[in-house]
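Please read the following explanation with the sequence and the structure side by side.

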Amino acid sequence: MVKCAKLLGLDIFRQIRNPRVHIVVCIKQTPDSAAEMVVENGIVSWGDTPMVVNPWDEYALEEAIRTKEKYGGHVTAIVMGRKSAGEALKTAIAMGCDSGVMLCDEDFFRCDARGTARILARAIEKLGDVELAFFGKQAIDGDSGLVPLSVAFVLGWTPLSYVCEVYEIDLHEARISVARLLEEGRQNCLATLPAVVSVVKEINEPRYPSFIGIRKASKVEIPVWDLAELGLDDSEIKTCDSAVIWSQIQSLAKSSREVEMIEGDSVEAIVTELTDRLMDDMVI
Amino acid sequence: MAGNVWVYIDHFRGDPLPASWEAMGAARKIAAELNTGVDALVFGHGVDELVQLASEYGAEKVFVCDDATLADFRVQAYGAAAVKLTAAEEPVLVLAPATTRGRDLTALLGVELGVGVIADGVELNVKDSVVHVTRPVYAGKLRATVCAPGANPQIISLRPRAFPQPELVASTAKVVPVEAVLAEEDVAVKVTDHVAWENDVSLSDASIVVSGGRGVGGPDGFGSIRQLATTLGGAMGASRAAVDAGWIPYSHQVGQTGKTVSPDLYVACGISGAVQHQAGMRTSKVIVAINKDSEAPIFKLAKYGIVADLFDVVPALTKELKRRLDQ
């Protein structure tokens, strides 16, 4: 009880000192992960499959909202894309984000990861008082996983990638402690704010949009910022001489090989046959 | 005379990842086409063995930055040293394995050097000094060919197991010591602790992966999957269905929202093979599918299929392999 009151008191104290801690979550709209992707004449399409919030970004949204619920503050979701990507912001607000910003300009479409990062970083700077920016670890379309940390480097903020748990955020001391998921295990880190945090699936279980949230999202006004609004020198983005260019995109070659079904009178006969094949293939 | 091709040697506290040597092999091929040499970047603390290995894998020069601030990979500390060195030495191309560390380091180099970065290459072709990179996109459902012709240097990360392990060569590398750039107080991230995975073979590096799905039926069912994986010296994977059911930790998940693997042998046990799972394992060389449902999509991807109960087949296969492999 005493501990609870103390914790509660501490949280109130924090909120008074930081009346509006501003958290950003950057999301992307992508084709649903179940979509069959087709390339015709160099154009990628995915039939009737709906566009969704990039699945990795759902974890970032959830973590941003939980952070606000725990420490107080305001969450702004940012999406960059075509006008239709506004739907992703509605999902974000229906889940519990307070506001949304849409970044949309014809000149954005040619951007590679670094160009995208510069635009997102500029938007975060324009919002002004942001302490923490959450990202999903990558988007399931481009799949580069380069954008979150590139934003950190453009802003000069602390880079924290592959975060699987946020232990504690101390806004007064401007510190954050997290666990990161590496190939070899979990790494615990203590770092300074402001920070860019990219999250992995293990971090949480994203909530569904609430009824009240959906109603709120349907009414909220979403500002659209273009190149001029962001105050970015357009030559920086337009003539990105060193940018990555997509020269070709193609479907995977369909395997012409039929599966070879291994059958036999007994389980022993089947596994003996399979072991022979695997030894012939020199994979065991 | 073009600058050399550089390879960032990725390691965890001095233990190199095989993908680092795969990148050395890829670098040697590119360097031969560009008529230049290969240099290795070995950053860390107490990394003499890595320097020797980088030399044996064909480095002409090994740039060594050995400093206490680099004991754990922290992208700011590693990046600052790499940026300074890159500006001074002007490599034509920087390759890194597309591991957690390699990806973060290449992102930093891209921003600080003002060049585009290409992630996850699985094939490299040189045309007019520009490296054209084939990479999987849309979770491996499509392949894109990309390049950054104006980038100097070009920066590319390579997907683990997409390139072969190269042969060793006679070691003659020149070792070039490099100073660290950031002092400890300038690094915003402090590593307080590390909890290693328990004795498991790393999924991304494994040459054999045995995975279980919904058909495994529960946490206990993974016992026989694990035995088969152990017998083969491979790693244990799982489908999203098994992970979401709480039967096995997320670190084992293979697929679109899990790990991408590319082993020589992938054994899918009780996995139907949803498109999201396929995204994580379709580049495996030989796929074996064991499933009761002959209509399961996994059979379309498999080289060998067995329509049977995995609880009959998997233990019998383990026993047969033990016998053949003299265990």
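In chain B of this predicted model, contacts between residues at least 6 apart in sequence can be sorted by how far apart the partners stand along the chain, and 65% of them join residues at least 24 apart. In chain A, residues 24 or more positions apart account for 69% of the contacts with a separation of 6 or more.

The overall dimensions of chain B come next. Along its principal axes, the C-alpha trace of chain B spans about 60 × 45 × 40 Å. A compact globule of 327 residues would have a radius of gyration near 20 Å, and chain B, with 21 Å, therefore agrees with that expectation. Of these 327 residues, 58% count as buried. The secondary structure of chain B consists of nine helices and 18 strands.

How is chain B divided into domains? The domain assignment gives domain 1, residues 5-186, and domain 2, residues 208-324. The C-alpha centres of domain 1 and domain 2 of chain B are 33 Å apart. Where the domains of chain B touch, five residues of domain 1 are in contact with five residues of domain 2. On the domain 1 side of this contact in chain B, two residues are nonpolar, one is polar and two are charged.

Strand β8 (residues 123-127) of chain B pairs with strand β9 (residues 130-137) of chain B in the antiparallel sense, over five bridges. One pair of bridge partners is V126(B) and V131(B), the latter lying in β9(B). Two residues separate β8(B) from β9(B) in this hairpin, and D128(B), in the turn, has a positive phi of about 50°.

Attention now passes to chain A, which has nine helices and 15 strands. Buried residues make up 47% of its 284 residues. Which strands pair with β6(A)? Strand β1 (residues 22-27) of chain A pairs with β6(A) in the parallel sense over six bridges, and strand β7 (residues 99-103) of chain A runs parallel to β6(A) and is joined to it by five bridges. Between β6(A) and β7(A) the chain passes through helix α3 (residues 86-95) of chain A, giving a β-α-β crossover that is right-handed.

Is E40(A) buried or exposed? With 8 C-beta neighbours inside 10 Å, E40(A) counts as exposed, because a residue with 12 or fewer such neighbours is placed in that class. E40(A) belongs to strand β3 (residues 38-40) of chain A. L61(A) is 21 residues away from E40(A) along the chain, and the C-alpha atoms of the two are separated by 34 Å.

The remaining topic is the meeting of the two chains. Here 68 residues of chain A are in contact with 74 residues of chain B. On the chain A side, several elements each supply at least two residues, including α4 (113-127), α5 (147-155), β9 (158-170) and β11 (185-192) of chain A. The largest share, nine residues, comes from α9(A). By class, the side of chain A that touches chain B has 35 nonpolar, 18 polar and 15 charged residues.

Strand pairing also extends from one chain to the other. β11(A) runs antiparallel to strand β13 (residues 189-196) of chain B, and seven bridges join the two. Within this pairing, A191(A) stands opposite V189(B) in β13(B).

Finally, R143(B) has contacts in both chains. R143(B) lies in strand β10 (residues 142-147) of chain B, and it counts as partly exposed because it has 19 C-beta neighbours inside 10 Å. Which residues does R143(B) contact, leaving aside its neighbours within four places in sequence? They are Q250(A) and L252(A) in chain A, together with T134(B) and P136(B) in chain B. The C-alpha atoms of R143(B) and V122(B), which are 21 residues apart along the chain, are separated by 9.6 Å.

Definitions and conventions. Residues are numbered from 1 along each chain as its sequence is written. Chains are lettered from A and ligands numbered from 1 in the order in which they are written. This is a predicted model: local features need pLDDT of at least 70, side-chain atom pairs count only at pLDDT 80 or more; totals for chains, interfaces and linings use all residues. Domain bounds come from an automatic or database domain assignment. Two residues are in contact if their C-beta atoms, placed from the backbone, lie within 7 Å. Ala, Val, Leu, Ile, Met, Phe, Trp, Tyr, Cys and Pro count as nonpolar, Asp, Glu, Lys and Arg as charged, and the others, Gly among them, as polar. Two strands pair if DSSP finds at least two bridges between them. Helices (H or I, at least four residues) and strands (E, at least two) are DSSP runs, numbered from the N terminus. A crossover is right-handed if, with the strands pointing away from the viewer, the path from the first strand over the helix to the second runs clockwise. The radius of gyration is taken over C-alpha atoms; the globule rule is 2.2 Å times the number of residues to the power 0.38. A residue is buried if 20 or more other C-beta atoms lie within 10 Å of its own, exposed if 12 or fewer, and partly exposed in between; C-beta atoms are placed from the backbone.
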